[in-house]
Amino acid sequence: MNTVVVFTAKNICKTIEQGGSGNWKLNEERVKKCDYLILTANSHHRDSMHPKDKHGNAFLIGKISGLTPDAYDDLGNKEDNRWIIQFSEYAEIDLSNAWGGYQNPVKYTDLSDFDLDPEQLNWKPFPTDLII
């Protein structure tokens, strides 16, 4: 398994602002073995930043570069064992129905489960200078 897929209400701008995809309870050792992160849209979340018609669609793929602790959940409550998945490069994508309705918002899988060729994507460097 070389890919982490997350189901998030946050958009690309918010992901960049927080330094990666965050607030996740995850298996740190499993993530460290993965190469890619795919973000899928949770348009039904009360704080969603995604259009309703994009629910479950994959909108970003990133090359995982590390993990950093994130001491707060989405509501700003202090909580242990939360992580931000960092990435060095990302590409915007639009894959319909990429989220399979899993109960846990973090899934470990293989990139081959998606119709994506990393060599054909328009990779951009992750802008670390914008992190607040």
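This is a predicted model: local features need pLDDT of at least 70, side-chain atom pairs count only at pLDDT 80 or more; totals for chains, interfaces and linings use all residues.
Reader: Let's start with the inside. Which residues of the largest nonpolar core touch the most other members?

Author: The general idea is that a nonpolar core is a set of buried nonpolar residues joined through their side-chain atoms. Here the largest nonpolar core has 22 residues, and Val4, Leu26, Val31, Leu37 and Ile85 touch the most other members. At least two core residues come from each of strand 1 (3-8), helix 1 (12-17), strand 3 (36-41), strand 4 (58-69), strand 5 (83-95) and strand 6 (106-109).

Reader: What does Val31 touch, leaving out residues up to four places away in sequence?

Author: With those neighbours set aside, Val31 is in contact with Val4, Leu26, Ile64, Leu67, Ile85 and Tyr108. Another core, of 16 residues, lies apart from the largest one; Ala58, Ile61, Ala98 and Trp99 are among its members.

Reader: Where in the chain do Phe7 and Trp99 lie?

Author: Phe7 belongs to strand 1 and Trp99 to the loop between strand 5 and strand 6, so their pairing ties together parts 92 residues apart in sequence. Phe7 has a relative accessible area of 16% and is buried; Trp99 is buried too, at 9%. Ring pairs also link Phe7, Trp99 and Tyr102 into a cluster.

Reader: Now Tyr36 and Trp123: are their rings stacked or edge-to-face?

Author: They are stacked, because the planes of Tyr36 and Trp123 are at 25°, with the ring centres 6.4 Å apart. This pair links distant parts of the chain: Tyr36 sits in strand 3, while Trp123 is in the loop between strand 6 and strand 7 (124-125), 87 residues apart. Tyr36 counts as buried at 15% relative accessibility, and Trp123 counts as buried at 17%.

Reader: Which charged residues lie over the faces of Trp123 and Tyr102?

Author: Lys63 lies over the face of Trp123, 4.6 Å from the ring centre. Over the face of Tyr102 you will find Lys107, at 4.6 Å from that ring centre.

Reader: Which salt bridge does Lys63 form with Glu89, and what does the pair tie together?

Author: Side chains of opposite charge can pair when their charged atoms come close. In this structure, the side chains of Glu89 and Lys63 meet in a salt bridge of 3.3 Å, N to O. Glu89 is in strand 5 and Lys63 in strand 4, so the pair ties together parts 26 residues apart in sequence. Glu89 is partly exposed at 26%, and Lys63 is partly exposed at 25%.

Reader: How many salt bridges does the structure hold, and which residues are linked in a network?

Author: The structure holds 7 salt bridges, and Glu28, Glu29 and Lys32 are linked in a network. Lys32 bridges Glu28 with the closest N and O atoms 3.1 Å apart, and it bridges Glu29 at 4.0 Å. Lys32 and Glu28 both lie in helix 2 (residues 28-32), 4 residues apart, about one turn of the helix.

Reader: Is Lys32 buried or exposed?

Author: Lys32 is exposed, with a relative accessible area of 52%. Glu28 counts as partly exposed at 27%, and Glu29 counts as partly exposed at 48%.

Notes:
Residues are numbered from 1 along each chain as its sequence is written. Side-chain values use heavy atoms; hydrogens and water are left out. A nonpolar core is a set of buried Ala, Val, Leu, Ile, Met, Phe, Trp, Tyr and Cys residues joined through side-chain atoms within 4.5 Å. Buried means under 20% relative accessible area, exposed over 50%, partly exposed in between (1.4 Å probe, protein chains only). Contact means heavy atoms within 4.5 Å. Rings of Phe, Tyr and Trp (its six-membered ring) pair if their centres lie within 6.5 Å; planes under 30 degrees apart count as stacked, over 60 as edge-to-face and the rest as tilted. A charge sits over a ring if NZ of Lys or CZ of Arg is within 6 Å of the ring centre and within 35 degrees of the ring normal.
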